[in-house]
Amino acid sequence: MREALSQAARAGTAGEVPVGACVVRDDVLVSVGANAMRTECDAMQHAELRALREAVRVLGSDRLAGCTLYVTLEPCAMCAGAIVLARVERVVFAAWDPKAGMAGSVGDVLRHPKLNHRPEVAGGVLAEEAGGLLRTFFAARRREPGAAASVDPVTESA
C-alpha cells in the first residue's frame, strides 16, 4: 500500500486526483499506476486500470491469478468490473468512497454473488493517509479562483 500511496502523491502533484495503485504477485511488485485522466484527456485512465494493463503486459496473460491489487481509493464500477474480468485474486484498498465505491459503499461489484469470480477484499488499510491526500487535494481545488466545485469522495463535500 505504501507504493500505491507514493503513486497517489505523484498523481496529486501532476494535478490529478491523488489515487494510486500497484499489482503484486508473490511479494514482487509487478506494476504501478496513478490517475492520469486529465493528463491523458481520458476518463478511463484510473490508477487501477493503468496498473492492471501494465501487469497484464508484464505477466503476458489476461488473467492476473495470484495477484493482489493495492489501491488508495475504493474502486469504482468501471475498475471493479476490470478487476473481476482480470481475475485478480485479492483487492486491498485504503479510503472508502461513499459516492462511487463498488466494494461495499454504493454497491459491491467485487463480491457480487452472480459473478463467476469474486476476489478477496480488504478495505480501510492506511485509510487516513490516503484520505488525507484526497482531502488536501480537494481543499486546494476549492480555493482556486474560478475552479469548478469538485466533490471530495472521502468527505462527500464540495
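Buried means under 20% relative accessible area, exposed over 50%, and partly exposed in between, with a 1.4 Å probe and protein chains only. By that rule, F137 and F138 are both buried; the tour returns to them at the end.

The model is predicted, so local features need pLDDT of at least 70 and side-chain atom pairs count only at pLDDT 80 or more, while totals for chains, interfaces and linings use all residues. Residues are numbered from 1 along each chain as its sequence is written, and side-chain values use heavy atoms, leaving out hydrogens and water.

**Stop 1: helix α1**

Select residues 2-13, which make up helix α1. Helices (H or I, at least four residues) and strands (E, at least two) are DSSP runs, numbered from the N terminus. The expected span of a helix is 1.5 Å times one less than its number of residues.

Now colour A4, L5, Q7, A8 and A11, the buried residues of α1. They cover an arc of only 160 degrees around the axis (taken from the directions from the helix axis to the C-beta atoms), so they lie on the same side of α1. R2 and T13, on the other side, are exposed. The buried residues pack against β1 (20-25), β2 (28-34), β3 (67-73) and α5 (127-143), where contact means heavy atoms within 4.5 Å. Just after α1, look at G15, which has a positive phi of about 90 degrees.

**Stop 2: the sheet**

Show the five strands, which form an open, mixed sheet in the order β2-β1-β3-β4-β5. Two strands pair if DSSP finds at least two bridges between them. The edge strands, β2 and β5 (120-122), each pair on one side only.

Zoom in on β1 and β3, which are antiparallel over five bridges. Select C22 and its bridge partner in β3, Y70. Next, select helix α3 (residues 47-59), which packs on the sheet and touches β1, β2 and β3.

**Stop 3: aromatic pairs**

Which rings pair up here? A search of the whole structure finds two aromatic pairs. Rings of Phe, Tyr and Trp (its six-membered ring) pair if their centres lie within 6.5 Å; planes under 30 degrees apart count as stacked, over 60 as edge-to-face and the rest as tilted.

Select F93 and W96: their centres are 4.7 Å apart and their planes at 85 degrees, so the pair is edge-to-face. F93 is buried at 0% relative accessible area, whereas W96, at 41%, is partly exposed.

Finish at F137 and F138, an edge-to-face pair with 5.1 Å between centres and 85 degrees between planes.

Definitions and conventions
Axes are lines fitted to C-alpha atoms, for helices over the stretch in contact, and angles run from 0 to 180 degrees between N-to-C directions.
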